[in-house]
Amino acid sequence: VAETSDRSGDDENREDPRSKAKEKKSACRGEEDESNNLSVEKIFESQDVPSWRRQLTLRAFVVSFVLSILFAFIIMKLNLTAGITPSLNVSAGLLGFFFLKTWTNVLDKSGLLQVPFTRQENTVIQTCVVASSSIAFTGGFGSYLFAMSERVAGQSKDPQSTHDFKNPSLPWMIGFLFVVSFLGLFAVVPLRKIMIIDFKLTYPSGTATAHLINSFHTPEGAKLAKKQVKALGKFFCFSFLWGFFQWFYTGGDGCGFTKFPTLGLKALQYRFYFDFSATFVGVGMICPYIINISVLLGGILSWGLMWPLIETKRGQWYPAEESPTSMHGLQGYKVFIAIAMILGDGLYNFFKVLSRTLSGVYHQLQDRETSHVLPVANGSTPENPLVSYDDPRQTQLFLKDQIPTWFAVAGYVAIAAISTATLPHLFHQLKWYYILVIYLFAPTLGFCNAYGCGLTDWSIASTYGKLAIFVIGAWAGSSHGGILAGLAACGVMMNIVSTASDLTQDFKTGYLTLASPRSMFVSQVIGTAMGCIISPCVFWLFYKAFKDLGLPGSEYAVPFATVYRSMAELGLEGFSSLPKHCLMLSYGFFGAAIAINGFRDSVGKKWSRFIPLPMAMAIPFYIGPYFAIDMCVGSLILFIWETIDKNKADAFAPAVASGLICGDSIWTLPSSILALVGVNPPICMKFLSRDTNVKVDAFLGS
């Protein structure tokens, strides 16, 4: 209204009061109409919001269970190969909508449909699937948990630490996840109103997911979703069949399209090649351009420049007799320089998010203190700003179904007590008082992570986990199993702070779709329970089917398991065991990671999108740049598509990328089963140089 009056200029002042009042009333109505036109809830005004119990349907959890298995395979494959996991929220929401919409349409045509499919039910599916599949990451199957295994311990540079291991087995993995995965849910429940309503935190991913779900349930959105699912299905089939076709040519080590020397044999030796992976092409289409370019730059810097140069110092910087996979040799440089960059990036972002969190809380409290309006001298009060139709409705329903604070506190204390009593039996190195200290600090750290995630959309759960490795590992000491104690503590901390931010994201999604906080909480609990069973079973299938899992150079090298194990050893042994000049190089890259991040933040958003991310650059230092080439091919496809038809690319690129990822990842299920029953590929396709080929032909002909 004030804006309308200002634009009217001096002419408005000449009008009589009655005319002015009418115009003001008309302007107010016009602005309200405009607000209603932009309102999401006006579209759904005629639909009743089901009670929180009716939002939790059996069909929703059946669909969630099926999708949880699908996404567990996807995330597990990504964790065990490159360690990069893109956000799959769009895929979860889209597939959840498709399956239940198909289900309800069939029942509706047969006259058996009793309860219609609502956006609140869609949100329940989304929450359950994401909660379940996230266990595949926070469960540590590609990091701290597998780092405990004998297979990774055997690669250690310290002979004593090779005896400090705990091999994976289904019973203890499932038990461990059940006692550590639920605490974070209870830690942030009392703070949900402060985060969502009082502080009005953005939670970009949660907000975007809510808008996506809301759009699906409009007539236009349903039509688009149907087309998106059709595109996803086409590329799912293509990707699955492409994986099946490639399998026939992998009948031996180094065989098949995954070792195709697209850039030459010398480049293949340094892992520069396109391996025809539909998964990583799809990941490249989802990840921002700067992520993909950063990974490629890191691969060029390490495998294109640094490692070939350090190899020339063999016999001077490290013993000439050391194998390429020894931590006393070239492998030590690869692992510890990567760790330095990861720690530098992680610590910078930790303090950045912490400072923003503290600053944000301070300003929020200051605003609340100064927001009380004082009476005006003539007794009138300022006009209230126009409130949108959505906000009061969303707030009313969000506050309607309260989760009692006593329930959250009692749940946290009870689970913490059970966990403190149980974990020392799973890991005798992890004493009960270590766990108690973690649980005393965990709610504060969970709040920091959830608040920071609301501001920046950046969860730094893995950084909190790395801090736990160093603190608990050093406290336990090397003579009392400090490596396993640190890694187990990492798992406890990561699960708490990660689930805290995930649940708060879900509360934001529920707030914007009118889903009850109670249904969000119950869905998160059920999804977490599903993940505690599904994810270990999927990992066990990989572990038993692929005998070289975790070995350097294999298809499933599990790179971050070695990184986490090396961090635990470094925290106990110090720097004396590193190869020559490795410490100096690590210091340099640690400082460079902090400097690059600081420079990115100082130049503003306009230019920061052209500056690489140190965390992304560090990933190929250890495993090689082959997957970065795949991801950049995905970026190139997306760039060309956006150039030709940006609207179509924006609408369908996530669906196409998800289809490529899902199809290739699901192929690992039948390929694992074939490996378990002893069915091997019939053909080995390898590439040789001309000179080597002549020698092989001569040998075969003799």
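Tutor: Contact here means heavy atoms within 4.5 Å. This is a predicted model, where local features need pLDDT of at least 70, side-chain atom pairs count only at pLDDT 80 or more, and totals for chains, interfaces and linings use all residues. Residues are numbered from 1 along each chain as its sequence is written, and side-chain values use heavy atoms, with hydrogens and water left out.

Student: Is Phe-272 buried or exposed?

Tutor: Phe-272 counts as buried because its relative accessibility is 14%. The cut-offs: buried is under 20% relative accessible area, exposed is over 50%, and partly exposed is in between (1.4 Å probe, protein chains only).

Student: How far apart are Phe-272 and Thr-262 in space?

Tutor: They're 8.3 Å apart, C-alpha to C-alpha, and ten residues apart in sequence.

Student: What's the phi of Arg-271?

Tutor: Near 65 degrees, which is a positive value in a residue other than glycine. Arg-271 is also in the loop between H14 and H15, and with a relative accessible area of 24% it is partly exposed.

Student: What about phi for Val-558?

Tutor: Positive as well: Val-558 has phi near 45 degrees, and it isn't glycine. Its place is in the loop between helix H23 (517–545) and helix H24 (559–573). Val-558 counts as buried, because its relative accessibility is 0%.

Student: Changing topic: how many residues of H27 are buried?

Tutor: Nine of the ten residues in helix H27 (residues 614–623) are buried, so the helix is mostly covered. Among them are Pro-614, Met-617, Phe-621 and Tyr-622. Just after H27, Gly-624 takes a positive phi of about 100 degrees.

Student: Now lysines. Is Lys-77 buried or exposed?

Tutor: Lys-77 is buried, with a relative accessible area of 10%. It lies in helix H4 (residues 58–81).

Student: What is Lys-77 in contact with, leaving aside its neighbours within four places in sequence?

Tutor: Lys-77 is in contact with Thr-279, Phe-542, Tyr-556, Asp-664, Ser-665 and Thr-668.

Student: Which residues form the positive surface patch?

Tutor: Lys-109, Lys-226, Lys-230 and Lys-234. Patches are made of residues with over 30% relative accessible area and no salt bridge, joining like charges within 9 Å and nonpolar side chains (Val, Leu, Ile, Met, Phe, Trp, Tyr) within 5 Å. A salt bridge is a side-chain nitrogen of Lys or Arg within 4 Å of a carboxyl oxygen of Asp or Glu.

Student: Which helix gives the most to the patch?

Tutor: Helix H13 (residues 219–247), with three residues. Lys-226 lies in H13, and Lys-226 is exposed, with a relative accessible area of 65%.

Conventions. Accessible areas come from the Shrake-Rupley method with a 1.4 Å probe; for residues, only the protein chains shown count as cover. Lys and Arg count as positive and Asp and Glu as negative; His and the chain ends are not counted. The place of a charge is taken as NZ of Lys, CZ of Arg, CG of Asp or CD of Glu. Helices (H or I, at least four residues) and strands (E, at least two) are DSSP runs, numbered from the N terminus.
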